[in-house]
Amino acid sequence: MNVIALTRNFTMKFSRRILIGSRNSSFFGFPTSKCHHTLALANNWLKHRFNIDHSNHYPFRILGFQSITGGAQKVFDLPSSNSGLYRVLSRSFSSTIAGVAFKVRNFSTSVETRVNDNNFESFYIQGGMNVKPLVVESIHKDDEKVVGEEEFGLGVGAEDTRGEDTDVEKQAWKLLQGAVVTYCGSPVGTVAANDPGDKSPLNYDQVFIRDFVPSALAFLLRGENEIVKNFLLHTLQLQSWEKTVDCYSPGQGLMPASFKVRTVVLDEDNHEEVLDPDFGESAIGRVAPVDSGLWWIILLRAYGKLTGDYSLQERVDVQTGLKMILNLCLTDGFDMFPSLLVTDGSCMIDRRMGIHGHPLEIQALFYSALRCSREMLAVTDGTNNLIRAINNRLSALSFHIREYYWVDMKKLNEIYRYKTEEYSMDAINKFNIYPEQIPSWVMDWIPEEGGYLIGNLQPAHMDFRFFTLGNLWSIVSSLGTPRQNKAILNLIEAKWDDLVGHMPLKICYPALDNEEWRIITGSDPKNTPWSYHNGGSWPTLLWQFTLACIKMGRIELALKAVALAEKRLPLDSWPEYYDTRTGKFIGKQARLYQTWTVAGFLTSKMLLKNPEMASMLFCEEDYELLDICVCGLSKRGRKKCSRGAAKSQILV
């Protein structure tokens, strides 16, 4: 079977970037419907251009704009967007090839062998915008099965966790199903919040990539796989859309923070549904999401693990999108550190909170995404260099975080006695940290048997705040050593009242207050002390806490936290976050019926019912990474690096 990769630069001429659906056609790997499009011009053009014959007993199954004619590969040019025919094409499939089905092939050998590091960009990216390779196949009608038409049911490898749901779980499932967003008749995600009494939803009526992850896991654990597959494929196509802020475009490979399904009226009788992505150009602060692409990679791996369907990650368009995210993250820059340098507000904490630089949350997600990518990338001559770069970055990043971000009583005492202004290759205080930076609260806060990874590290700066998501995901991804992972949970248990209190879990501890709050947050009225990102309690962190506890054999901690949430959340209408030092009150600006609050609770319950499923979502220690050293100091006649000594100290 010949497979053609057809690429073209479509320069969209609209005030907003939109993804247009088409009625009764197959779009990028799943069926779409309820999008009204009828134009005859493109129908005739397609018949002439692709030699489509409706009387053929072996109809074409179409995935995008590719064709196979006469058994030979041939690339066809599409008309430019200036002629307006691209929009005509997108609305013409219903009359041209209505009712035609398609199937996804394994592309790992047919196309990937032609992609190498030298021509990858020129092959897939033209004029600054990438268009995914698309395929048409000719198959027998007897084999027809429209992808995505399966009923919601148990997927391959999924366990039936629907047994004896409590009343709270039943209510949560009803709310989660009510938050589902459809696009052309197919589910594609869940809105951030679904409060019927909210008259000003802002962007909470959109589908956020990071917010959808717990929803996706809840659906996957229940065997409802279609919505997750649709979400992964649609957000992948949004990756290639034009995005600008003041005429400046970020790097290729950026994933949107969110998208919204909009209905556009064409005329009195016709309308169409479009996907309208937001890459940060409309967000408060205009910050692009660094974590969206990382979460997308993590979810892609989870889909394969929980369903047993690895064909999705083997598709050529998915492999291409995966490489583009990696290329964006692994691009060389001015930084000397293996950690990602990002600005404030680029992750779950999407407002100014003094986390610019190298925040732990991004480093943990980055490490996890690299490990997931290494599993999913097709091994070819064209990906060898990329896989090598991933291994090198994983090794350097794990060493950097474990060695320099870790704080316990022993390390704290070492910092307390630091000498400063050291200039040499043998310096102990490599980042010139002044001992006066150690806050008074941390000296008495760390328990003897506990420790944690600090929030940030830069020259002359250590952020000693405890950031929950970064520490939990360091456990899940094995960014921390086994000893460190155990110590993090020991600290959470010892400081339960501070980090859990009346509602799990604090997003960070402690809160910024007084002059520090005014300077660092810019006097942000939403991030006042012990509210929202500034020490607020976020129930959605429950599923990640549960996953970390299951991995480390501390299920009793997860059960205790879930019991707290189950008692309060339904009474409080499933709020986004809680305020005060112990999480007593519903957040002053918290949205009710917050979807990832609901989904985080459901995912936690299902993981606890089937702990064996959790093992598919976390990563175990990779001891081979500890033997990889990329510094090359010995090759230049310098003193050998300290990796061996550091490894013997921290790997216990």
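**Helices, cavities and backbone of a predicted model**

Guide: Helix 6 (209-221), helix 8, helix 11 (360-376), helix 15 (468-477) and helix 19 (542-551) each contribute at least two residues to the lining of the second largest cavity. The structure is a predicted model, in which local features need pLDDT of at least 70 and side-chain atom pairs count only at pLDDT 80 or more, while totals for chains, interfaces and linings use all residues. Residues are numbered from 1 along each chain as its sequence is written, and side-chain values use heavy atoms, with hydrogens and water left out.

Visitor: What makes a stretch count as a helix or a strand, and how many of each does the protein chain have?

Guide: Helices (H or I, at least four residues) and strands (E, at least two) are DSSP runs numbered from the N terminus; by that rule the protein chain has 23 helices and 18 strands.

Visitor: What makes a space a cavity, and how many cavities of 30 Å³ or more are there?

Guide: On a 1 Å grid over the protein atoms alone, a cavity is a set of points where a 1.4 Å probe fits but cannot get out, with lining residues having an atom within 4 Å of a point.

Visitor: What classes of residue line the second largest cavity?

Guide: The lining has 14 nonpolar, two polar and one charged residues, where Ala, Val, Leu, Ile, Met, Phe, Trp, Tyr, Cys and Pro count as nonpolar, Asp, Glu, Lys and Arg as charged, and the others, Gly among them, as polar.

Visitor: What makes an open space a pocket, and what lines the second largest pocket?

Guide: A pocket is an open set of points with protein on both sides within 12 Å along at least five of seven lines. The second largest pocket has a volume of about 680 Å³, and among its 34 lining residues Asn 203, Tyr 204, Phe 208, Ile 284 and Asp 350 lie nearest its centre. The lining of this pocket divides into 15 nonpolar, 10 polar and nine charged residues.

Visitor: How do you know at what angle helix 7 and helix 8 cross?

Guide: Axes are lines fitted to C-alpha atoms over the stretch in contact, and angles run from 0 to 180 degrees between N-to-C directions; on that scale helix 7 (residues 226-238) and helix 8 (residues 291-307) cross at roughly 145°, with axes that come within 11 Å. The contact (heavy atoms within 4.5 Å) involves Val 228, Lys 229, Phe 231, Leu 232, Thr 235 and Leu 236 of helix 7 and Trp 296, Leu 299, Leu 300 and Tyr 303 of helix 8. By class, this contact has eight nonpolar, one polar and one charged residues.

Visitor: At what angle do helix 6 and helix 21 pack?

Guide: Helix 6 and helix 21 (residues 595-609) pack at an angle of about 35°, with axes 8 Å apart. The residues of this contact divide into nine nonpolar, four polar and two charged.

Visitor: Why is Cys 184 called buried?

Guide: Buried means under 20% relative accessible area, exposed over 50% and partly exposed in between (1.4 Å probe, protein chains only), so Cys 184, with a relative accessible area of 0%, is buried. Cys 184 lies in the loop between strand 8 (180-183) and strand 9 (186-190), and its phi is near 55°, a positive value in a residue other than glycine.

Visitor: Why are Thr 580 and Met 409 called partly exposed?

Guide: Thr 580, at 24% relative accessibility, therefore counts as partly exposed, and Met 409, at 28%, does so as well. Thr 580 has a positive phi of about 80°, whereas Met 409, found in helix 13 (residues 409-416), is in contact with Met 443, Ile 446, Pro 447 and Glu 448, leaving aside its neighbours within four places in sequence.

Visitor: Which peptide bonds are cis?

Guide: Most peptide bonds are trans. Here a cis bond joins Pro 504 and Leu 505, with omega about -5°, and the bond from Tyr 509 to Pro 510 is cis, with omega near -5°.

How values were computed
Points joined across faces, edges and corners; volume = space filled by probe spheres on them.
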